[in-house]
Amino acid sequence: MKEELENESGKLYGGLEAGGTKFVCVIGTGPDDLRAREKFRTTTPTETLNRAIEFFKKHSYKQQLAAIGIASFGPLDLNTSSSTFGYITSTPKPGWTNTDILRIIKSALNVPVALDTDVNGAALGEYRFGGAKNTDNFIYLTIGTGIGGGAMINGKLVHGLLHPEMGHIRIPHDREKDQFPGLCLYHNDCFEGLASGPAISNRWGKTAQELPDNHPAWELEAHYIALALTTYICTLSPERIILGGGVMERTVMLPLIQDEVQKLLNNYISKPEITKNIDNYIVTPELGKYAGVLGAIALAEEKANYEA
């Protein structure tokens, strides 16, 4: 990634990856043109959003931004006819419920602003610049502090009544093999409640980073992830699944998940992508930690083109 480039031709975009743990702000046009970047902890809405606003003001003085894209934690209200359009709504993040993130950023910077979920943003980033460039139907799933998923069908990000909440589906929970009750504030033992990073730590009494590769935590984690993936495969029929987030940084995880998905599907989906070439079907992000902010850049570019 190149930063602070001197080439000032063409439109310039702002990207904001608004995560529940950290915010990442960038200015640029794509993977080879990131001119400024700043990362900071997510604290209160006022403090965190003001810091993001100051970043964009500071680094866009040479050239007005054409638009800003926000890829945010949620849930979000993305219904343009709703009175709370642009809000972070019923989030478990303390202090952030009913935060009008879209209006706050837009009014402070006076530029067009696009908003989508953090995982939809990461999916769009991989679609435009990364591992899903030639795939119009795929899923991006992040497994970390929380679990969320973005889906693209026929080249369009999926929205609807709300937006996909893939981390909160119900998955089988064998309480004899796993007595951990789950920790989701809303559902206890949903997918996120059983398989997020904090769930691993609470179940085993150690952080994921402290657990060795041969610890039984990883086989259980792979099983839960594979249960969810088989549900997505059977309902959305994605051509590729991209797995990101902190848990997937553990290299032992990907092959465990691939093997478990094959076992659970048991050749019912008799396609070579799964039965023979699963290494190219379930993959990690090509853009790595930049998927979210590059997706935010792509959101901004789409918004600027729509407004033009």
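In the predicted model, helix α2, which spans residues 101-109, contributes I101, L102, I105 and L109 as its buried residues. When the helix is viewed down its axis, these buried residues fall within an arc of 100 degrees, so they line one face of α2. The cover over the buried residues of α2 is provided by elements that include the strands β1 (13-18), β4 (67-72) and β5 (113-117), together with helix α1 (45-59). Helix α2 is followed by N110, a residue whose phi is positive, near 55 degrees.

The loop between β4 and α2 contains P75, and the peptide bond that joins G74 to this proline is cis, with an omega of about 5 degrees.

Positive phi values also occur at two further asparagines. N188, although not a glycine, has a positive phi of about 60 degrees, and is located in the loop between β8 (156-157) and α4 (191-195). With a relative accessibility of 47%, N188 counts as partly exposed, because the exposed class begins only over 50%. N267, likewise not a glycine, has a positive phi of about 70 degrees and is placed in the loop that lies between α7 (253-265) and α8 (272-275). The relative accessible area of N267 is 57%, and this residue is therefore classed as exposed.

An open sheet is formed by 5 strands, arranged in the order β8-β7-β6-β9-β10, and the pairing within this sheet is mixed. Its edge strands are β8 and β10 (282-283), each of which pairs on one side only. Helix α3, comprising residues 118-129, packs on the sheet and touches β6, β7 (147-153), β8 and β9; the direction of α3 makes about 45 degrees with that of β7. In general, the strands of a sheet pair through backbone hydrogen bonds, in either a parallel or an antiparallel manner. Strand β6 (residues 138-143) and strand β9 (residues 240-244) run parallel and are joined by 5 bridges, and among the residues involved is L141, whose bridge partner in β9 is L243.

Conventions. Residues numbered from 1 in each chain as written. Predicted model: local features only at pLDDT ≥ 70, side-chain atom pairs only at ≥ 80, totals over all residues. Heavy atoms only, no water. Buried < 20%, exposed > 50% of the residue type's maximum accessible area, 1.4 Å probe, protein only. Helix = DSSP H or I, 4+ residues; strand = E, 2+ residues; numbered from the N terminus. Arc of directions from axis to C-beta. Contact = heavy atoms within 4.5 Å. Pairing = 2+ DSSP bridges. Axes fitted to C-alpha atoms, helices over the stretch in contact; angles between N-to-C directions.
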